[in-house]
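Me: Hi, could you walk me through this one? I'd like to start with the rings and then move on to a helix.

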Amino acid sequence: EKKKKAPSAAMAARTLGQDGVVKLDGIISSNTASKLRNEILERRNAALASIDDSHGDGDDWRKYFADVLLKGRQGQRCDLLLPLAHNPMLQTALHELLVSSNLLYNTLVNALGGDDITLYELSSLISEPGSPRQPVHPDNPHQEFPPLLTVFVALQDITPAMGPTNFIPRSHTAKAHAVFNDNDITRRDGLLRNSHSVVALLQSGDASLFDSRTLHCGGANDIEEGATRVLVYMSFRNPRATEPIGNVGSLMPGIEQMTLSELRTKLIEAKMSRGDVDVSSNEDNDISFVDPFDDEQAAEQGDALAQLKLGNNYYLGEGGVESNSEEAVRWFQLASEQGLAQASFNLGVCYFEGKGVPRQDLKRALELFTLAAKGRHPGAKEARDEVLGMLEIVQ
């Protein structure tokens, strides 16, 4: 029997635009899917044990899990946040997803008009037997352009008893949303009853790529005939959709905002750094890799851009670190010494404001703004002239 030809990215993007959902076959290997599934379940169990040890006080669970619609009485459904740094198994899977195979990457670029779309979510949905069916819902309210595209990747074969995701094709339109949100419940019921739906009975390594405006729901995982269902998923934010998105993305706080192009580049760098080492083998745990997703590691090893980025994170209290002006100054200094005009400018701001340094030092700020101006920083000349004026007044 002749093997069915995989759809081109252009065809997949066209189907996605028309139907709001498209199936992509075999975009990661079943072997990688199986290994990642085992690691995710181990990570979930460790997270649950940590929460139990803290007696579930406060919002401790939020360090590990995002909120998910209809968790079930016993927490049978969860949304486990996934770290990118020092997570070679996930990095390997994403490399297969976005680099080894160009299908998803090119479909995203075709559908949203460029690789400047940004990573918005990276997480895993886990459904255990007994998980109830979710109500039908879109992930985002309707707006003219798709705010997000989300890809669900199956990490095992999904049977009907495991509660596969149900999608209603062509429900991402303004007309469908108007009916769905109508105060007249009979209109909504009519839409759901009369609309054709598709069930994502995916094989291991297959994926559903969908427009976040598309109506969908997770099915019930049968308590007797079902089994643990694990999906890894990513969402990408469309910069051309400018209206409010309506939800908070499931993304670990330490993961920086990056474009699809930047993510792909880092995955290539991570693959090159690891070489041929089997990332699933416990025998190689003592081998050290340069992880491009770990800014602090790269900064410690002298990467000037990573030093600048880390300085910015400490200055603003972003990227999973608390605000620390002294640390910001340290990293800005190191990056400035390597000739980064932006780092010199930022360090000048710290001396100008007396932030992270012993005291305000206008002369040192002048030196740094002058250095940044020589490096063609766009705002440095104006800042230098302002400091010069202040020093003349003092004198």
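**Rings and a helix**

Reply: Rings of Phe, Tyr and Trp (its six-membered ring) pair if their centres lie within 6.5 Å. This is a predicted model, in which local features need pLDDT of at least 70 and side-chain atom pairs count only at pLDDT 80 or more, while totals for chains, interfaces and linings use all residues. Residues are numbered from 1 along each chain as its sequence is written, and side-chain values use heavy atoms, with hydrogens and water left out.

Me: How many aromatic pairs does the structure hold?

Reply: Five. In one of them, F152 and Y233 have ring centres 5.7 Å apart and planes at 75°, so the pair is edge-to-face (planes under 30 degrees apart count as stacked, over 60 as edge-to-face and the rest as tilted). The pair links distant parts of the chain, with F152 in strand β5 (residues 148-154) and Y233 in strand β10 (residues 229-237), 81 residues apart. Strands (E, at least two residues) and helices (H or I, at least four) are DSSP runs, numbered from the N terminus.

Me: Is F152 buried or exposed?

Reply: F152 counts as buried because its relative accessibility is 8%; the cut-offs are under 20% relative accessible area for buried, over 50% for exposed and in between for partly exposed (1.4 Å probe, protein chains only). Y233 is buried too, at 5%.

Me: And what about F167 and F210, how are their planes set?

Reply: At 50°, with the centres 5.1 Å apart, so that pair is tilted. F167 is buried at 1%, and F210 at 0%.

Me: Switching topic: which residues of helix α1 are buried?

Reply: In α1 (residues 9-19), they are A9, A12, A13, L16 and D19. Seen down the axis, they fall within an arc of 150°, so they line one face of the helix; the arc is that of the directions from the helix axis to the C-beta atoms.

Me: What do they pack against?

Reply: The buried residues of α1 pack against β1 (21-24), α4 (103-112), β5 and β8, where contact means heavy atoms within 4.5 Å.

Me: Nice. What follows α1?

Reply: G20, with a positive phi near 80°.
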